[in-house]
Amino acid sequence: MTKPPLTLYLAAPRGFCAGVDRAIKIVEMALQKWGAPVYVRHEIVHNKFVVDGLRAKGAVFVEELDECPDDRPVIFSAHGVPKSVPAAAAAREMIYVDATCPLVSKVHIEAQRHAEAGLQMIMIGHKGHPETVGTMGQLPEGEVLLVETVDDVAAVQVRDPEKLAFVTQTTLSVDDTRDIVAALQDRFPAIVGPHKEDICYATTNRQEAVKTVAPKSDALLVVGAPNSSNSRRLVEVASKAGCTYAQLVQRASDIDWRALDGISSIALTAGASAPEVLVNEVIDAFRDRYDVTVETVETATENVEFKVPRILRVPA
């Protein structure tokens with residue numbers, strides 16, 4: 001039986017960003033340097049396939065520092081941690097490696113600088129997301145107020161409307177965040193923003209690529225984890241860009257083939273913590289069922305690389 005033809009638009013850039021690449025490398029290098037087990041506080045990046053792979057090599061994933069023994073190294077995830085966490089590790093004389101993405105660390109430094117200038121912070125982010133928890137935890141309780149939506153801006157109670165600054169989570173929707181920033185500036189004209197927006201280059205680039213492929217596709221799939229903020233934003237961006245069927249899938253086995261019945265084109269991308277091997281797995285699944293023509297649609301070129309911490313570059 002002949003397979004139906006299908007054009008698969010492969011979005012580029014997609015998948016791993018420099019911060020994720022660095023975080024995974026940090027765990028692998030720590031295992032090489034100190035041997036197993038190495039403890040990791042929170043998932044190093046939000047992807048089950050990646051976490052399971054590192055677990056198989058000897059990484060032990062925990063939610064809190066008190067689950068780690070004093071005599072084994074601990075790594076803090078790419079999303080960043082509150083200041084209290086490295087302070088507690090230092091007090092216990094633990095070896096710790098901070099895998100916080102440098103672009104998240106930049107937001108932490110901004111928040112600190114604004115606080116030193118006497119400004120109260122407003123953070124645009126998702127409640128409970130580890131990056132938001134980490135950023136808000138850079139300053140004392142009450143110094144950072146969280147807003148998630150334009151409606152939240154209208155309700156937020158500040159100490160002094162003349163002494164405010166804002167930062168954002170790095171993985172938000174560029175368009176949604178723009179509306180929230182506009183609402184903040186409208187209500188608090190004196191509010192100070194970052195020199196350069198906090199949403200990271202990788203999030204922005206992946207969203208732009210999706211905006212390009214979504215309108216010309218019958219459906220769009222995002223390879224990524226349900227707890228990955230940047231992956232979920234890609235699904236939302238695709239829907240807003242006119243794609244009638246946009247879904248998040250962790251693996252090829254998650255694809256709902258009945259929902260895709262009758263399509264002639266599909267777009268495919270991956271969140272910043274999803275490895276390319278999973279993208280290829282999805283392409284192979286489509287090749288099993290369709291006569292696939294792959295068209296790569298590249299909207300930006302990325303060549304960002306971040307160094308690993310010095311502690312991993314010196315011998316044990």
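Strand β6 (residues 120-124) and strand β8 pair in the parallel sense over 5 bridges, where pairing requires that DSSP find at least two bridges between two strands. Within this pair, Met-121 stands opposite Ala-165 of β8. The model is predicted: local features need pLDDT of at least 70 and side-chain atom pairs pLDDT 80 or more, while totals for chains, interfaces and linings use all residues. Residues are numbered from 1 along each chain as its sequence is written, and side-chain values use heavy atoms, without hydrogens and water.

Leu-164, Phe-166 and Thr-168 point one way from β8. Ala-165 and Val-167 point the other way, and all of these residues are buried.

The view may now widen to the whole chain. The protein has 11 helices and 12 strands; these are DSSP runs, helices (H or I) of at least four residues and strands (E) of at least two, numbered from the N terminus. Its radius of gyration is 21 Å, close to the 20 Å that the globule rule gives for 316 residues, so the protein is as compact as a globular protein of that length. The radius is taken over C-alpha atoms, and the rule is 2.2 Å times the number of residues to the power 0.38. Along its principal axes, the C-alpha trace spans about 70 × 55 × 30 Å.

Of the 316 residues, 52% count as buried. Among contacts (heavy atoms within 4.5 Å) between residues at least 6 apart in sequence, 76% join residues at least 24 apart.

Key: Buried means under 20% relative accessible area, exposed over 50%, partly exposed in between (1.4 Å probe, protein chains only).
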